[in-house]
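Open the model in your viewer and keep the selection panel at hand.

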Amino acid sequence: MIEKLSSPIRSTLISGDQDSATATDASGGPRHRIVFLHGLFGRGKNFTKVAQALAPNADSLLIDLPNHGASGWTEHFVFEEMADLVAAHILENFPGEGPVDLIGHSMGGKVAMVLALRHPGLIRRLVIIDISPVGRGADRGNFRHLFDSLLKIDLATLPDRRHAEKMLEESIESASVRSFLLQNLKRTDDGFAWQPNLELLSNELPTIMDFPDMTGRQFRGPVLWMRGEKSSYVTDEDLPAMRELFPRVLRVTVRDAGHWVHSEQPDAVIASLTRFLL
């Protein structure tokens, strides 16, 4: 059983209307409401550019998942109960009418899938970015290496962020990945600290890379399943498992994109979301 968060889930609202709770779209119906769930090491604000592009037609809630960003920490990682926490947060903190559209990337995509399967009445359309509902993720990325690299940094003696960047250069070749990871390094009154719960997430990596048994559940709404052309996180072999849980799934491939599709090809993602959701 997952314990109560030490502090609540935090989220950011991006809206193109000053009175989004009562605003309508061009057809006279309620404005679209879109919820974004980030991946491992991320935060809700990673989707800011995408949400801003959709703001003329939709309100977006960018959620910091538990153990990430400004949200509280837990002592265990359980997909089902994390999905329930997010569902409760949406109901309590995203005013409006009708179900929401839910978008999740990587780990957040798994949370989104579980949420849609456990709370189908809350979701209108679902978008899953570069992840599958299978338990073979451990061999598809280098997250163990990333955790080990970050946990090796001695925060007690770290003088500044530049030194942290230098310490990561040897083990993490990509400057963009280093920058993405170091967004989580925050200066406090007592020195530097990691905003995510790195030790917990590292210990729970086998669970994060797995997918819970959802046998007997289905989400029958429309699902857009987006993969990066250069990523190995979604394969043809995953399609039967996806269709078993989500019968109305449409799979698309974003060219010249790896695992962080929305960061590498934001315009293509925005165009796909506009067509699918709006």
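**Strand 8 and its surroundings**

Select strand 8 and strand 9 (residues 249-254): they pair in the parallel sense over six bridges. Helices (H or I, at least four residues) and strands (E, at least two) are DSSP runs numbered from the N terminus, and two strands pair if DSSP finds at least two bridges between them. This is a predicted model, in which local features need pLDDT of at least 70, side-chain atom pairs count only at pLDDT 80 or more, and totals for chains, interfaces and linings use all residues. Residues are numbered from 1 along each chain as its sequence is written, and side-chain values use heavy atoms, without hydrogens and water.

Pick Leu224: opposite it in strand 9 stands Leu250. From strand 8 the chain passes through helix 9 (residues 239-245) to strand 9 in a right-handed β-α-β crossover (clockwise from the first strand over the helix to the second, with the strands pointing away from the viewer).

Now colour strand 8 (residues 223-228) by accessibility: six of its six residues are buried (under 20% relative accessible area; exposed is over 50%, partly exposed in between; 1.4 Å probe, protein chains only).

Finally, show Arg31 and Asp59, whose side chains meet in a salt bridge at 2.9 Å, N to O (a Lys or Arg side-chain nitrogen within 4 Å of an Asp or Glu carboxyl oxygen). Arg31 is buried at 8%, and Asp59 is buried at 1%.
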